Structure formats: structure tokens, C-alpha cells
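Subject: Model for you, with notes

Hello,

Here is the structure I promised. My notes follow below.

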Amino acid sequence: MYADVPTLMATILLASLTMAAVMVVVGWGMRREGLQLWAGGLAVHAAGYLFLALRGQMDQTLSILAGNALTSLALALLLAAVGRFYGAHHRWLALMAPPALLLVGLSLLLENYSARVILSGTLYAAQAGAVAVALYRRRNETVGRGARLVTAGMAVEALLMALRAAGAGAQGADRLLQTGALQTLTFFGTFIVLLVTSLGFIFMTKERADEANRLLAAADPLTGAANRRAIIEALDRDIGRAIRTREPLALMMIDIDHFKRVNDIHGHLAGDAVLRSLVSLIRQRIRTQDIVGRYGGEEFLVVLPDTSLAGVQRLAQDLCNAAAAHATSYSGQRITVTISIGVFGGRLEPGDSWDLLIHAADRALYRAKDAGRNRVETTPVLPRAGTASPHPETFPATLQ
Ligand SMILES: Nc1nc2c(ncn2[C@@H]2O[C@H](COP(=O)(O)OP(=O)(O)OP(=O)(O)O)[C@@H](O)[C@H]2O)c(=O)[nH]1
């Protein structure tokens, strides 16, 4: 099936304009996400196709030069949009080099159709490939599937354009301008890529906003640690994994000693600063897979997957010493506190639940307080038998 080229061009033009309009609406007020740049790229793409489609009804040189330079500029804007999404600084000179190069090259090759297709196809392929590579490099920083759509779409576009250039090189014929299998393939391909990548980019911004909201909802606003619900959910999830893998799991319950005095002597805001600096002290010492969460006022939980009792004991003692040696500066005052830590560490069995672990760590903490504070107490034992639910009020709705 060979399709009529002007019809295909008009379809791409309309699709570009429609997607640009959709992005302007979706991205209103989100300038930093790059949606506006992507929409600008689509609008420029539409303008490029208008010049290309009007060949025969306008000056041919203008149609060729403007049509191709604008198409290349559109791809440069898409690359800029991806850069903006990741907060990178634009290197406008490098971005504008391909359209400028194309403009100069095509002016010199006006009489040679296949050379023009080879040049433009090669440059478009490089530009689309650059977008795919930029996204692929940042794959670990990206949440969701939107970026994968854009990466795949741009890789396909690069391939199509390379094919187009190679086809022109092989055929060396003016046939490409008319309807032909390759021509139809590249136009249909570009049409699909345009829709897939634009939707993918919208998903990217949406997924990132969702992730930011999710993190915000899971964080304790004062300290930035996971909030009570989030830390219990993390503990519950890691318990399930530890039971499956038979790896040990550890839990620390950390409580600031005589914290009431800090508030009474230095004020509540100074107390808040102490809480924040304790969390950063903990964070400096734990691994990336460990999670710290605020369980209550001045009580924190740290969940440590794949950690033995001996390992967590060393870490807890180190934390205890570090906290005692640390002073929080707050409006000219230097506030020192000590902490007590109750630790559970060991292997779990099917049926063990998060409230058992919290109960075990809580009991150890109680012993640490009882033994004079500023110390670590550990237990490898869970209060399994006859302990129905020591903290029934702490069940988050999602875990019931
Ligand atoms: N500044 C501040 N204080 C808090 C916050 N949440 C709870 N607190 C205070 O933490 C203190 C906890 O006091 P207690 O439970 O008596 O315990 P403690 O004084 O630390 O004594 P021990 O735990 O027995 O060593 C109370 O004074 C609470 O007001 C908070 O977000 N900010």
C-alpha cells in the first residue's frame, strides 16, 4: 500500500499541532518540566511540514530549506525539552548546530536530490538518536514507563531516518519524492513516533509529579524521615522478603534520652532541630537499602534488611557513640543529647509480623532505658506465643 505523500504530510502536520496544543494545556504552569519546549518543538515540526507540503505551490528552494531546517530545529527542541526535564543546562550552540549545518548543506546541494535526502536523513537520525541516548543515560533517575516510550520512539525514528538516508544512497533516484514503499514507511513511522513520544513525554512529567506527591505523603514533614505509616509499610514489606529469602532482618528503635528537658531548657524549636540532626546522623551511617522512619515524637525506627544481630549491634553502638559526641547548633546554643537503642535482629518465620518486631525492639529499648540510658540493648527473640497484637492501634489501614 502506497499512501499519498501530501495527505501523509498534512496528517503529520495536524498531529503535531494537536499534540502541541495538548501539551500546552497539560503543561500550563509547569515550565520547568520541559513540556513547553516539547510543545514548541511540535509546533516548529508542524511549520516544517507545512513548508515541505507546499512544495510546488511556493518557491521550491524556500520549501526545501525552511522545511528541513525547521524539522531539524524541532528535533533540537525535543532534545532541549529532555534536558530541561532533567534540569540540565542547555547548550544552545550544540543544539542549533544541526539545523544550521542542514541549512548550509542543503543550500549547496539544491540540485542533488539524493544527496539532500542522505544529508537530512543522517542528521535527523543523529538528532533523534541523541534524544534516545540522553534518556537512556538517565534511565536510573526516571520513574515510570513514559521515558521508555520516548526512548523507544526516538530510537525507531533514528532507525527510520537512517534507512531513508541509506535508501536514497542506494537508489540514488528521484523516485523517493513520489509515493514509494520507503517513503510511506518513513511517513507512517514518523506519525506513530510523534504520537508515542509526545504521549510518553506527558507521562514522564505526570509520573514524576505522582512520585513527588507519593514521597511527600510518606515523609515526616519535620525530619524528612519516613512517617509512621510509611516506615511500618516498609517494615512489613521487608519482613515478607526476609521470610521468602531466609535472610536475617534487623530493626532498631531509637529514643532520645530525657528529650523533654531539651524542650524545657532550650525551647520546642531547639528540640525540633535536635530531631532533624539526629535523623541526618542516622542517615549518614546506614546503607541505601536501610530506611529510617519517625515512629513517634522522639522515637525512630530503622529497618535494616539482610542484617545480622551482630552487624546491627555494631551499627547501633556506633550510632549511640556518635549521638553522644554530636552537638546540635541552634541559635547560638550547642545542644547535646544521648540516645538509647533497642535492637531486634534475626531470621524470621512464616507468620511473623511487623508488630512482633516492633514489640521486641521496644522491649529491648525499655531495658536500655532501665539500665541507665545512652546504651544499646539487643534481642534475637520475638515474643511469638500468645502475643496477639501488642500495638493494635498502630495498624495502618492498608495493612489490615
Ligand atoms: N521539639 C519537639 N518535641 C517533641 C516532638 N514530639 C514529641 N516531643 C517531646 O518529646 C518529649 C518526650 O518526653 P518523654 O516521653 O517524657 O521522654 P524523655 O523526656 O525523652 O525521657 P526518656 O525517653 O525516658 O529518656 C515530650 O516533651 C514531647 O513534647 C516534636 O516534634 N518536637
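A polar contact here is a pair of N or O atoms within 3.5 Å; within protein, one must be able to donate a hydrogen and the other to accept it, and residues adjacent in sequence count only if both atoms are side-chain atoms. This is a predicted model: local features need pLDDT of at least 70, side-chain atom pairs count only at pLDDT 80 or more, and totals for chains, interfaces and linings use all residues. Numbering runs from 1 along each chain as its sequence is written, and side-chain values use heavy atoms, without hydrogens and water.

Lysine 369 has a side-chain N or O atom 2.8 Å from a ligand oxygen. For arginine 294, a polar side-chain atom sits 2.6 Å from a ligand oxygen. For aspartate 255 the distance is 3.0 Å, again to an oxygen of the ligand. The protein buries 67% of the 670 Å² that the ligand exposes when taken alone (Shrake-Rupley method, 1.4 Å probe).

Next, the shell. The ligand is surrounded by 17 residues (a heavy atom within 4 Å). His258, Phe259, Asp272, Arg294 and Arg373 are the closest. H10 gives the largest share, 4 residues (helices are DSSP runs of H or I, at least four residues, numbered from the N terminus).

Last, a helix pair. The axes of H1 (residues 5–26) and H2 (residues 35–53) come within 8 Å. They cross at roughly 160° (lines fitted to C-alpha atoms over the stretch in contact, with angles from 0 to 180 degrees between N-to-C directions). H1 and H2 are therefore roughly antiparallel (over 145 degrees).

Best wishes

Key:
Helices (H or I, at least four residues) and strands (E, at least two) are DSSP runs, numbered from the N terminus. Angles under 35 degrees count as roughly parallel, over 145 as roughly antiparallel, 65 to 115 as roughly perpendicular and the rest as oblique.
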